[in-house]
Amino acid sequence: MTNPISTPLFDGKLVRLTPLDHEKDPEIVSGWTHNAEYVRMTSLEPVRPLTAAQVKKQFEQIDKEMDEGRRLFHYAIRPKENDRLIGEARIEWIEWSNGTAQLKIGLPDPGDRRKGIGSDVLRMLLRVSFRELNLHHLEVVLPEYNVPALRFFEKHGFKIEVRRRQAVNRGGRRWDLISMAILRPEWEALNEER
Amino acid sequence: MKNDEPGSDLLRGKLVRLSAVSPEDLSKLIVGWIQNSEYWRLIANGPSFPLSQEGLRKFMEKHLEKDDLRSCFFVIRTLDGDRDIGEIELGGISYARGESYVGIGIGEPEYQGRGYGTDAMNIILHFAFTELNLYRVSLTVFEYNPRAVRAYEKCGFKVEGRAREFFQREGRRWDLIHMGILREEWQAQNA
Amino acid sequence: MRDRSELTSDMLRGKNIHLTAQDMEQASQPYFDWAQDAEYQRLVEDGPPVPLSLKGARESNEQGWPEDDPCNVMFLVRANEDDRIIGFVNLDYISWQHGDSYMGIGIGDKSCWGKGYGREAMDLLLRYTFTELNLHRLSLTVYEYNERAIRMYEKCGFKNEGVSRDYHYREGRRWNLVSMGILRDEWLEMNGYSVP
């Protein structure tokens, strides 16, 4: 029998999930906060550009929350071949007694999208969530205008569960907020087919 | 004065009014209510746990005393007898999106199922829509609490979806029901 | 009617300038330089120009962290060609319940005057205010003798809402403080959005 825990959880085909680098990453993340298109696609909070110093303070908060609360896992996405920061991934709002959590994946540079990196990251997040954290229900929350993301998660087996009507107000009109989720048995079934 | 004029008593209903209490008094109340684990399991996601009053008071001092744009907490107090019977709060307020979540719990068993909760909910919706000027209010309710679902529907909330198998309690999984009400729906309901 | 494509365009960048977070490491020197210019100071400040040190200029313009300061948003205005800081634009005391805020703007780099940079910064701020924060109105006060600014605000859609008479006393006479305001619906309609 092969060693059951030998699967590398944080090494994918194209990228790795790694910790934040408090020295080098704040400058890059500060740039992401100035990228209005990216923020509006991935965040519900209004666009709010931050300096590198402010980002660094946020990193400290994240570390503190991960260490103390154990309800958050925040990863930096880097290519396998170098240390360049190209995105962020989170498993958050973990409720252990019920086995639930929310996922978040962000790739700010459009040049990094549509290359399989998103799928690579999601596969790792799902594996960690279901096989290490033993969760049952994983959710993503997306504004209805983020059509590429809705299609992406649907492709990976997520189903639409909730539509919070007109909960987002951007660009001069209101939009619905959509929750999609995948359950552990569904993921197990999909994985067996491969 | 009519209830929809700016000078009227915004936080007062037919059976109850919404009030504030000190962290000291509030922690005493809540400790009492959560001795009943059924109460907790009707209102909270996390595991039922008999919190100490000291711990609760400290938690409340930290979170309730400061002026917070993101939440508004009230105690539900009967008009007749000034009895504190439950809690209701707006949380996760986002002004840019115009949305807030609402949560309610009637901690005193003899006041459940008699319209006190509905009265409190109507007060807070009025507050949310005409004082905070929000656009929609959301809530989540456990599948195993059909009485609450019906009460919320009577207030005008509509079911917007279900998070499947979201909870595990008493050996099986349950859905979490998501509901929402828009300001125009609330206005039509109360015209 | 604008749709999803509106959401993908860069809300913080115009043709010649862009908006960034206020980095005090980089902004101290420009703030200090502008504070030496009496003409600029008398266009933006109520009080007399004060000869602050570099440290003083820094502290005077320091802003709190966003988490502690949800009612203020401070942007630096930078030139696209070389990223240098040429001014600031801000929302100063947002009243979320009522959907209103005051705003301020100053282009400290005089070589940038008369080129439309102030107008560009205003357009970006207005778009941010009305399509991202979704406030209902924006207010400002401007000195009666700042005719160039008043004309610019009017072109952006601001309307004169009143004056505080004899508010300023400079150069031997009194001047009014002009209050102006713009409503979200007015701005949306002026800029090609369909108004709900």
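**Figure 1. Burial and overall build of chain A.** Of the 194 residues in chain A, 39% count as buried. The model is predicted. Six helices and seven strands make up the secondary structure of chain A. Read from the N terminus, the order is β-α-α-α-β-β-β-α-β-α-β-β-α. Along the principal axes, the C-alpha trace of chain A spans about 55 × 40 × 35 Å. Contacts in chain A between residues at least 6 apart in sequence include 54% that join residues at least 24 apart.

**Figure 2. Helix H1 against helix H3 in chain A.** Helix H1 of chain A covers residues 25-33, and helix H3 of chain A covers residues 52-69. Angles of 65 to 115 degrees count as roughly perpendicular, so H1(A) is roughly perpendicular to H3(A). From H1(A), the residues in the contact are A:Pro26, A:Glu27, A:Val29 and A:Ser30. They meet A:Ala52, A:Val55, A:Lys56 and A:Phe59 of H3(A). By class, the residues of this helix contact are five nonpolar, one polar and two charged.

**Figure 3. The contact of chain A with chain B.** Chain A gives 22 residues to this contact, and chain B gives 23. On the side of chain A that touches chain B, three strands of chain A each supply at least two residues: E5 (137-143), E6 (159-170) and E7 (173-183). Which element gives the largest share of this side of chain A? The answer is E6(A), with nine residues. The side of chain A that touches chain B holds seven nonpolar, nine polar and six charged residues.

**Figure 4. A close-up of A:Arg164.** A:Arg164 sits in strand E6 of chain A. Is A:Arg164 buried or exposed? A residue counts as buried with 20 or more other C-beta atoms within 10 Å of its own. A:Arg164 has 23 C-beta neighbours inside 10 Å, so A:Arg164 counts as buried. Leaving aside neighbours within four places in sequence, A:Arg164 is in contact with residues of chain A and of chain B. In chain A, the partners are A:Asp176 and A:Leu177. In chain B, they are B:Ser138, B:Glu160 and B:Gly180. A:Ser179 is 15 residues from A:Arg164 in sequence. The C-alpha atoms of A:Arg164 and A:Ser179 are 8.2 Å apart.

**Figure 5. Nonpolar cores.** The largest nonpolar core has 85 residues. Those that touch the most other members are A:Val121, A:Leu125, B:Ile76, B:Ala120, B:Ile124 and B:Leu125. Helix H4 of chain B (residues 116-130) gives the largest share of this core, eight residues. What does A:Val121 touch, not counting residues up to four places away in sequence? Its partners are A:Gly12, A:Val15, A:Ile77, A:Ala89 and A:Ile105. A second, separate core has 48 residues. Among its members are C:Tyr40, C:Phe88, C:Tyr117 and C:Ala149.

**Figure 6. Overall build of chain C.** Chain C has seven helices and seven strands. From the N terminus on, its elements run α-β-α-α-α-β-β-β-α-β-α-β-β-α. The globule rule gives 16 Å for 196 residues and chain C has a radius of gyration of 17 Å, so chain C is as compact as a globular protein of that length. Taken along the principal axes, the C-alpha atoms of chain C fill a box of roughly 50 × 40 × 35 Å. Of the 196 residues in chain C, 33% are buried. For contacts in chain C with a separation of 6 or more, 54% come from residues 24 or more positions apart.

**Figure 7. The contact of chain C with chain A.** Here 22 residues of chain C are in contact with 18 residues of chain A. On the side of chain C that touches chain A, helix H1 (4-8) and strand E1 (17-21) of chain C each supply at least two residues. H1(C) gives the largest share of that side, four residues. By class, the side of chain C that touches chain A has 11 nonpolar, five polar and six charged residues.

How values were computed: Residues are numbered from 1 along each chain as its sequence is written. Chains are lettered from A and ligands numbered from 1 in the order in which they are written. This is a predicted model: local features need pLDDT of at least 70, side-chain atom pairs count only at pLDDT 80 or more; totals for chains, interfaces and linings use all residues. A residue is buried if 20 or more other C-beta atoms lie within 10 Å of its own, exposed if 12 or fewer, and partly exposed in between; C-beta atoms are placed from the backbone. Two residues are in contact if their C-beta atoms, placed from the backbone, lie within 7 Å. Ala, Val, Leu, Ile, Met, Phe, Trp, Tyr, Cys and Pro count as nonpolar, Asp, Glu, Lys and Arg as charged, and the others, Gly among them, as polar. Axes are lines fitted to C-alpha atoms, for helices over the stretch in contact, and angles run from 0 to 180 degrees between N-to-C directions. Angles under 35 degrees count as roughly parallel, over 145 as roughly antiparallel, 65 to 115 as roughly perpendicular and the rest as oblique. The radius of gyration is taken over C-alpha atoms; the globule rule is 2.2 Å times the number of residues to the power 0.38. A nonpolar core is a set of buried Ala, Val, Leu, Ile, Met, Phe, Trp, Tyr and Cys residues joined through C-beta atoms within 7 Å.
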